[in-house]
Amino acid sequence: MIELQHISKWYNVGGKPVFILKDINLKVKEGEFISIMGPSGSGKSTLLNIVGMLDMPNEGAYHFFGESVYNLKDKHRNELYKKNIGFIFQAYHLIDELTVYENIETPLLYQNVKSSERKAIVADMLDKFNIVGKKDLFPSQLSGGQQQLVGIVRALIAKPKLLLADEPTGNLNTAQGEEIMQLFQQLNQEEGVTIIQVTHSEKNASYGNRIINLLDGRVEPSLQNASH
Amino acid sequence: MIRNYFKIALRHLQKNKLYAFVNIIGLAIGIASCLFIGVYIWHELSYDRFHENGNRIARVTWEYHFGDATNKTATTGTKVGPQFQRTFPEVESYVRLMKYPRVIGYQDKLFEEKTFLYADSAFFSMFSFPLLIGNAATVLDAPDKLVVTESMSKKYFGSEDPVGKMIKVGIKDFMVTGVAADAPDNSQIQFDFIGSFTSLNASKEEKWTEANYVTYLLLNNSEAIAPLQNKIYAYADKVSKEEMNTTGDEYMKYHLEPLTQVRLHSKLDGLEPSNNIVYIYILGAVAILILLIAGVNYTNLSTAQSARRTSEIGMRKVLGANRLQVFNQFICETFLITLLAVVFALVICTVLVPYFNNLSGKEFNAEIFFKPFTLLSLLILASVVSFTAGAYPAIILSAGKVIHILKSGFHFTGSGTLRKSLIVFQFVISVFLIIATIVILQQLAFIQNKDLGYDKEQVIILPVDSKISEQYDDLKKALATTSNVISIGGAYESPTHIGWSDGLNRPTDGKQISINALPVDEDFVKTVGLKIIAGSDYTWGDVQAFDTTNQGNNIRYTFMLNEAAVKALGWSPEEAIGKTVSKGREGTIKAVVQDFHFRSFHEAINPMVLFLDKRMLGSIFIKISGNNTQNTIAGLEKIWKSRVPHRPFEYKFLDDEFNDLYKTEQRTAGVFTSFAFIAILLACLGLFALTAYSMVQRTKEIGIRKILGASVVDILSLVSKDFIRLIVIAMVLAIPIAIFATSKWLDSFVYKTKMEWWVFVVAGLGTLVVSLIAISLQAIKTSMANPVKNLRTE
């Protein structure tokens, strides 16, 4: 599904490059649930953003379902992204001015789904995740756990094949965090959604079936081998 | 999708009320100004366009150089119309018009009617003034026929059918032959009554001179004007040599002006004062400038507060929005704001229409703002404004890279410069308008306060006609018995504007100067307070010495000259006394009066001669003390009614007549004052809102500074420093532009105020103070807040 080859990203500080990611090679198969771990500044989020096509490396190639992402035109890349990738953030990033319903609906708007169809899809999802009663509330009226749940539903609304989560439980308490993780596991196992999450927590990482350890922009070889 | 755009826009406005308020109100004021000016300009441009034959009608004006005087007039002699029709086949018909105030009487009704026209019989077939009753071909085809307008018919005849009725015009009886619709207000030919031209004695003889008539020609096609013009030049050359016996460099010319150009493009007033296309351009420019200021506010505020939108935009992109979709969303938002502003603008215009009419001298009602054409124009204007003001923020906001937005908020690179330039631009306009306003007001004050050479205060003017002339001295005596009357004098014209031009000869060497002349009675000089600097005032003895026997051949004038005349003749005031000069007939110079302004300040004081001739008086001037004016006027009215039953008691004050000379200037001053106020208001509104946002962004910084010991004043100077610098730059740019423009305007006056340096100081300091207040309103609030609290919320 995903193949990263020799991905490097750096910033120039005083004329010298400071690497955030250095020569990353990574293959992800459909149906995997991967956790990216590592200390702060090791490049976890950057890697996730590159996989999610939000960011570009300075070097390297990226194939998504066999398509060479960096050789695509913006428009095609946007299509590929819209159809296949859902994003979840630590800070939820719900749009404050929109209700729960409208937040969830937004990705469908950008995919030009017809109004009646949109209604059906959103109603279905609200029901499935038990938040029908909250649909007219604004994000500020929800607890953190509820907001993240809305964030997940929004990420899933367009039936993406790949779900990317950047420390999804970082702002939540333990109980809320566990609920989210169980949900991820369920999505992965029952619906076959490929998930890549960035996390600090060993426990959260254990919900997945592979762990990638990053240190100073490189994949730690020992652990990579160990997981195989 | 569009619905979604509007929904989020509305939510956003609700959430940011200050932002919404400043934007909507600011744009509404800008749009309202534009709407007012637009309606005004549209009305001016529509002048005389309703005539079906409009593009085939031309006005004839006359330019001549006889003796040493060159003159241009919109009036021509009686011969021009008929002779041109006989001579040039392309002239289909002609209409000569004369406007002449007449006293109209019907049964017990008696009024002085100012808009009484005499017109040739082709009037109603040449112009498209609808005739409600009567036959266009015959209503004016014989002497003493009269067409009345619908409203005059109501005024004099009520519900009766006026046709066939006899009505008194002066002392003559006219028969009403038709009823015309009231003339549209965008016609420069205005009338309440139209009498047949043949009723005038002057119509019996065709003359090139005695130019008192406005002549219109109907040509057989609209292309004919230019070729005909050349033929007319050649023809007038021939006429002036053969019939006027011109010699040397003397000439006369007739010019053709297309009817639709008369109102805005002709320098010559016709029946009604014309307007000037330059004023239309200036107003148009002002409208655009005001709208720009309002638009700039929008652009500035949107970019300034876009920091708050970054997470939303970022998220939308993460959720799959492409750049165009984000761009469209912001344009929609601008459009919504502009649309709301349009609604507010319509409310503002409806409420302020009386004030605007007062300012512009028009008579609009609010309906004009709701005509389909106006609304459509507004919609187009709104779209243009949305796009120009909204495009920049929309481009900037939609261009941000998602990853940067999500990571670190939004940073405009370079947009600070744009915002700063726009602020400078706003204040250049504001300062310019303020300076222009002060200069115009100064010039008006200068006109009001300058010694005119006569005293215009507390002088009542009443008319004199041939019937009053017969009993002039008795009437004067009777009026003088009223309490508080100081003195009474008479003259042909008012000293505010003396039009009579003449020539004066020095018999010793035959030297002739062109001169303005005014027939007066023996009390005129002291009544209006002319100052005699040599010689003495007229006496009853001078009146008695005025010998009108022998058909006037025994007349010997007594003259008073002004200083300019004496100088032109080469004498000192003292030398002139007792000398003989000739104005047609000879006379003695009895006195020299100080130069006085008998024309507007646009014109220099020319030589002037007053001569005692009580047969030619046109007005009575009554100087009163100013105590209990109401009673004095009531007393005068009583005497007038008993002695002058044929004329209504309609009086004017001399100072009002004087002020009428500067109507255009006063109007300009009104317009500039209003728009200078609006410009500075909008600019400050923008500053206020910008400060508010910069305060929000700098909350943390200000909190830290306060903890480190900064006082409120320190914080204030910190946030206002940047703005103040921009305003100072704006002033430096605006002052030369203002100096250039205002001195251009002042150049149209011969007598003008000096441009003083303090004007610029006042304009500059005023702008600074007002903008400082706008900044401080918000800044003080933030800088007084508890820093610990601020930091906690960060």
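**Labels and their cut-offs**

Mentor: The crossing of H24(B) and H25(B) is right-handed, a word used when the near helix is turned clockwise from the far one by less than a right angle, anticlockwise being left-handed. This is a predicted model, in which local features need pLDDT of at least 70, side-chain atom pairs count only at pLDDT 80 or more, and totals for chains, interfaces and linings use all residues. Residues are numbered from 1 along each chain as its sequence is written, while chains are lettered from A and ligands numbered from 1 in the order in which they are written.

Trainee: Why are H24(B) and H25(B) called roughly antiparallel to each other?
Mentor: The axes of H24 (residues 712-746) and H25 (residues 757-784) of chain B come within 9 Å and cross at roughly 150°. Angles under 35 degrees count as roughly parallel, over 145 as roughly antiparallel, 65 to 115 as roughly perpendicular and the rest as oblique, so these helices are roughly antiparallel.

Trainee: What makes A:Tyr92 count as buried?
Mentor: A residue is buried if 20 or more other C-beta atoms lie within 10 Å of its own, exposed if 12 or fewer, and partly exposed in between. A:Tyr92 has 22 C-beta neighbours inside 10 Å and therefore counts as buried. Its phi is near 65°, a positive value in a residue other than glycine.

Trainee: Is A:Asn130 buried or exposed?
Mentor: A:Asn130 has 9 other C-beta atoms within 10 Å, so A:Asn130 is exposed. A:Asn130 also has a positive phi, of about 60°, although it is not a glycine.

Key: Axes fitted to C-alpha atoms, helices over the stretch in contact; angles between N-to-C directions. Helix = DSSP H or I, 4+ residues; strand = E, 2+ residues; numbered from the N terminus.
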